[in-house]
Amino acid sequence: MAYHLGPLTHKGGRMNCGYQPTNWGEWPKWNGDSEFRTPRFKFSCSTTDYSGKTNSDVVTLLKNRELLEIYRDLTIGDQMQLILELGFFQGGMPLFLADMIAPKNVLAIDGCQPSDHLKSLVERSHLSSIIELVGGVDQADTRKIRSIVDDRFGAEPLDMIIDDCSHWYPQTKACFEALFGYLRPGGKYIIEDWGWTHWPSAPWQTTAQSANRFTRNDEDCPRTENFVAKEAPHLAFCLRL
Ligand SMILES: C[S@@+](CC[C@H](N)C(=O)[O-])C[C@H]1O[C@@H](n2cnc3c(N)ncnc32)[C@H](O)[C@@H]1O
């Protein structure tokens with residue numbers, strides 16, 4: 001069953017009046033390679049350790065500094081008010097984005113339910129009207145994902161979609177085809193870990209199913225008009241023209 005953490009209050013205007021974006025020149029403040037702070041949260045981050053759990057003191061995020069700096073470059077100076085993330089894990093990205101770029105809403109979906117610790121952290125941080133975590137949704141169920149997005153955002157276009165979910169090519173492609181049209185012109189569709197079958201020692205290297213085919217001209221590559229695809233280390237993004 002889907003878990004909804006409070007209704008989003010997105011209607012009426014595109015600005016989030018409650019919070020201001022944080023200055024990327026000052027924040028986040030790093031303490032070594034795997035810990036940093038934003039004004040409201042302390043994060044523990046890694047791209048390899050999936051065992052961390054968000055609790056009342058620390059937010060777990062599956063990113064490293066390099067990836068977060070790519071997000072800084074992708075979002076800085078742009079209007080990022082409505083954001084969809086596929087694969088929220090421990091809620092690190094919705095909390096990071098809420099604190100750094102003050103979006104109006106982050107809607108985040110995952111096959112797993114958000115933990116009680118994560119739910120109470122969102123509530124205690126007064127972010128329930130900004131962050132909505134919807135668990136129990138399979139990435140392959142694009143009809144359901146579209147209906148959730150339609151329900152929350154209506155006709156308002158999205159500014160950014162992040163797919164950090166299954167990383168399997170069929171699901172990645174299906175979501176791209178189902179969701180890319182929700183972006184506004186200039187909106188960004190980000191696919192993380194697109195190249196994982198090429199990483200050294202990756203256990204899945206024998207499969208041809210990864211999202212790394214995404215930005216190539218494979219015959220079954222997504223056919224959507226009006227986008228340019230770019231590849232950065234560890235992620236690919238498509239800009240809606
Ligand atoms: C790499 S983690 C996401 C990390 C998170 N975005 C972050 O930056 O901390 C992948 C997430 O996708 C979810 N996931 C994997 N396959 C899925 C599927 N088919 N449908 C829905 N969620 C899925 C997992 O439950 C997991 O939480």
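What do β2 and β3 form, and how many residues lie between them? They form a hairpin, with four residues between the two strands. Numbering starts from 1 along each chain as its sequence is written.

Let us begin with the whole chain. Its secondary structure comes to five helices and 11 strands; helices (H or I, at least four residues) and strands (E, at least two) are DSSP runs, numbered from the N terminus. Of the 241 residues, 41% count as buried, meaning that 20 or more other C-beta atoms lie within 10 Å of a residue's own, while exposed stands for 12 or fewer and partly exposed for the range in between, with C-beta atoms placed from the backbone. The mean pLDDT, the predictor's confidence in each residue from 0 to 100, is 83, and 73% of the residues reach 70 or more. Over residues 1-7 the pLDDT is below 50, though this stretch has 23 contacts in the model beyond near neighbours in sequence. A contact here is a pair of residues whose C-beta atoms, placed from the backbone, lie within 7 Å. Residues 204-226 also have pLDDT below 50, with 42 such contacts. Where pLDDT is low, the predicted coordinates should not be read in detail.

Now back to the hairpin. It belongs to an open sheet of four strands in the order β1-β2-β3-β4, with mixed pairing; strands pair if DSSP finds at least two bridges between them. The edges are β1 (29-30) and β4, each pairing on one side only. Walking across the sheet, β1 and β2 run antiparallel and are joined by two bridges, with Trp30 opposite Phe36 in β2. Phe36 in turn stands opposite Phe43 in β3, where β2 (residues 35-37) and β3 pair in the antiparallel sense over three bridges. The step from β3 to β4 (residues 59-61) is parallel, again over three bridges, and Cys45 has Leu61 as its bridge partner in β4.

Strand β3 has two faces: Phe43 and Cys45 are on the covered one, Lys42 and Ser44 on the uncovered one. Ser44 counts as partly exposed because it has 19 C-beta neighbours inside 10 Å. Leaving aside neighbours within four places in sequence, Ser44 is in contact with Ser34, Glu35, Gly52, Val58 and Thr60.

Finally, find the ligand. Of the 19 residues around it, Gly87, Phe89, Gly111, Gln139 and Ser166 come nearest, where being near means a C-beta atom, placed from the backbone, within 6 Å.

Note on methods: Predicted model: local features only at pLDDT ≥ 70, side-chain atom pairs only at ≥ 80, totals over all residues. Contact = placed C-beta atoms within 7 Å.
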